[in-house]
Amino acid sequence: REVTFFLNGASGGHHHYIPTSIQQPSNISTSYQGHIMAVVDIIAPSGALGLVLATQGGPIVKDVKPESQLLGKVQPGDKIVAIDDVDVQTSKHSHVIQLLRNNSTSDERKITILRESQSQTPERRSSISRRTLAGFVGAAKSPRSRSTEPGSHEPDESGHPTTKQEISCHNTIDDDGDVNDCTNQLSNGLHLDHIPTLPRFPVLETKDRNCWSEPSHTIFKIRGHNYLADPKKIQSGPYLFTARGADLILTNDKSGPRTGIAEKYSSILAGHARSIPTFIINFIFDWGILVNYYEIPAMYVSFLRARYEGSNQDLPAMDALQPHERAIIRFLVGSDNHRNATLKLIPKCPEGPWAVRQLVNGKPALIGKRLPAQYSYYPAEDGKAECFEADLDTRETDRVGKKAISLCRKYMTTVTLDVGIVIEGTNTSELPEQMLGCVRIHRLDPKMSPTLPSL
């Protein structure tokens, strides 16, 4: 078995040459955020491999040697994602080589690669779940921009693949002015038809950073049926509102208002915020906004129409509804004082520094009592569906809240945060509670965030 190590002077990555033979691969189809991909399982016999590998954000096939029996089966650009079902997407070259060496005498080795399907259309390639902001802003380029040719890639200074027309901002988020600095570099008065939205987990290109997901409802404990007499909590049932997405949008002195965003910015959620009835929760910070989107089920839309539009549509009797349904309806159609008294945030930090996990520990907070809240309803019009929005201004929170926000901002790129929402059951007719919904935010990176445009 021959193992030869090269140094790639262009990117700083290490190459390895390992000749062998291999069986015909098997293929299945999948997709990652609008990009149609092929997952290829290659069953290799014992011996060495005939590939040149480069480590640029994970092991990538740089070349296939002419004498290799892999020729025509493995292609340059294929990303190795697993070896014998061991995830190597973020592994260093030494770990990948060690796994191959350890299993080189096995009768079979499974090497899983990922490649972009050749059958996908240009429209799919330009999916709204972008890799970078620049994928949507062809005319705007910073001095660090590589090219105006969309979709092309080359390694950056650290050896990671980047989009050539990418607008880069390499500020950290450790200092007070950092996010604003990043905002100023990315904005420069841009007016976007569609503000790029966070893609849904998993995201291969960013190693599952800067994206969102919907965690299991079973992680939450909420008030049970007899909570007022016996304050024990129970596991929540399924979410009542399905999460649609999330956005981190930076602001600067050129940005428009941060409230009433459903009405002012049709471009949020990549222009799809009001394609269906949506509940928007908008957290306002000094440096930007964090927006969570949930689909409003039809029954609750009917009550909103009756409350705000005087709709004559027949509504179900409140007595016939489940306790948690009654609680949500009373929140949606009630006074702002009632909303503030029942809108409950349950924040959790499943991944991040110890200090953040200790502070953001799942303790419920009646968020409307902790900071100023503004509620707005927008009826369906001009092809846009109904929307109910809650704007929560964290700039006016208390000392504990400010400390938690400061820590989350400081460690933003390393923190995974669950933003759980439940409407508090205040009497026996509203118990047990059930989680309204939750969005999990994965290690947000302000360098990749768009800026709220001016109006």
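Reader: Which residue forms a salt bridge with Lys-447?

Author: This is a predicted model. Start with the general idea: side chains of opposite charge can pair when their charged atoms come close. Here the partner of Lys-447 is Asp-445, with the closest N and O atoms 3.1 Å apart. Asp-445 is buried at 3% relative accessibility. Lys-447 is partly exposed at 27%.

Reader: How many salt bridges are there by this rule?

Author: The count comes to 13. One of them joins Lys-344 and Glu-433, at 3.1 Å from N to O. Lys-344 sits in strand E18 and Glu-433 in the loop between strands E22 and E23, so this pair ties together parts 89 residues apart in sequence. Both residues, Lys-344 and Glu-433, are buried. They also belong to a network of salt bridges with Arg-223 and Glu-424.

Reader: What about cysteines? How many disulfides does the structure hold?

Author: A disulfide is a covalent bond between the sulfur atoms of two cysteines. This structure holds zero. For Cys-349, the nearest cysteine sulfur is that of Cys-408, 6.5 Å away. The cut-off for a disulfide is 2.5 Å. Cys-349 is buried, at 9% relative accessibility.

Reader: Now the helix. Which residues in H10 are buried?

Author: An α-helix has 3.6 residues a turn, so residues three or four places apart point the same way. In H10, the buried residues are Gly-401, Ala-404, Leu-407, Cys-408 and Arg-409. H10 covers residues 399-410 and reaches 16 Å from first C-alpha to last, close to the 16 Å expected.

Conventions. Residues numbered from 1 in each chain as written. Predicted model: local features only at pLDDT ≥ 70, side-chain atom pairs only at ≥ 80, totals over all residues. Heavy atoms only, no water. Helix = DSSP H or I, 4+ residues; strand = E, 2+ residues; numbered from the N terminus. Expected span 1.5 Å × (residues − 1). Buried < 20%, exposed > 50% of the residue type's maximum accessible area, 1.4 Å probe, protein only. Salt bridge = Lys/Arg side-chain N within 4 Å of Asp/Glu carboxyl O.
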